[in-house]
Amino acid sequence: SKMVPPGLAILLVCLPLAGAEAFCNSHHMSIDQHGYEVLRWHNPQPTSSGKDVNVDLWIDPTCPDGKAAWHQFLKVKSHLNSNDAPSTKLPATVNLRVHLFPLSFHSDSWSWFLAFTCVRDSAADQLEAFITAMYDDYRSAASNIKEWVTKKGILSDEQARCMAYGVDARDEYKRGLSSGVYDSPTVFFNDDVSKNEFSWSSWIERITDAAEVV
């Protein structure tokens, strides 16, 4: 999926936030607080050279392409955790991180994005399950995400109260824009960006290539 140019995107996101004081007063977040770390993998057979690789996946919460990328992302995680993964070709450390980035023309994306920031803040251990379930139900549950997330047992009623405004949602969205994200999916292998990595095996190849870049 493609989005409008970043400059216009900033205007679009500001419109619905104009009266939301909780967004405007969000404190600045550090890089480590953005997104969610799905896996920090340490290679038992690392090479003596090469650098660690950060894989940052940015996906829209109601985008079919984002859903496809998320499931491939989980396959990368499973592969790294398997006995087949250790290799002198892979870097010493691989960090897999996911970020949600709502595209302006996808209805309900912003509401799901607010829920993501809320779950990340209150129940981070549930976030992987939340994203997977979200992609299964994002159409049917869009009319009452708060009820859906509590019935799933992901958040309590008290924790779900933050979904009205999200948690540092504005800062998270702005970080996506400043990183150059405007499509879903967008994947960063360290500083190398790609928009069409749907095969988990091709992700492993890109991770290996990124580790070799000096």
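The protein chain exposes about 10,300 Å², and carbon and sulfur atoms supply 49% of that area. The model is a predicted one. Of the chain's 214 residues, 49% count as buried.

**Overall organisation**

- The protein chain contains eight helices and five strands.
- In sequence order, these elements follow the pattern α-α-β-β-α-β-α-α-α-α-β-β-α.
- Among contacts between residues at least 6 apart in sequence, 78% join residues at least 24 apart.

**Strand β3 and its partners**

- Strand β3 covers residues 93-100, and seven of its eight residues are buried, so the strand is largely enclosed by the rest of the structure.
- Strand β1, formed by residues 36-42, pairs with β3 in the antiparallel sense, and six bridges connect the two.
- Within this antiparallel pairing, W41 stands opposite V94 of β3.
- Strand β2, formed by residues 53-59, runs parallel to β3 and is joined to it by seven bridges.
- Within this parallel pairing, N54 stands opposite N95 of β3.
- Strand β3 therefore has β1 as an antiparallel partner and β2 as a parallel partner, while seven of its eight residues are buried.

**The disulfide**

- A disulfide is a covalent bond between the sulfur atoms of two cysteines.
- The disulfide joins C118 to C162, with an S to S distance of 1.5 Å.
- The two cysteines lie 44 residues apart, and the pair links distant parts of the chain: C118 belongs to helix α4 (residues 109-122), whereas C162 sits in the loop between α6 (145-151) and α7.
- The torsion about the S-S bond of C118 and C162 is about 110°, which means that the disulfide is right-handed.

**Buried cysteines**

- C118 has a relative accessible area of 0% and is therefore buried, since the cut-off for that class is under 20%.
- C63 likewise has a relative accessible area of 0%, so C63 is buried under the cut-off of 20%.

**Helix α7 and the residue after it**

- Helix α7 spans residues 169-178.
- The buried residues of α7 are A169, D171, E172, Y173, G176 and L177.
- Just after α7, G180 adopts a positive phi of about 90°.

Terms used:
Residues numbered from 1 in each chain as written. Predicted model: local features only at pLDDT ≥ 70, side-chain atom pairs only at ≥ 80, totals over all residues. Heavy atoms only, no water. Buried < 20%, exposed > 50% of the residue type's maximum accessible area, 1.4 Å probe, protein only. Helix = DSSP H or I, 4+ residues; strand = E, 2+ residues; numbered from the N terminus. Disulfide = S-S within 2.5 Å. Pairing = 2+ DSSP bridges. Contact = heavy atoms within 4.5 Å. Areas by Shrake-Rupley, 256 points an atom, 1.4 Å probe, with all protein chains shown as cover.
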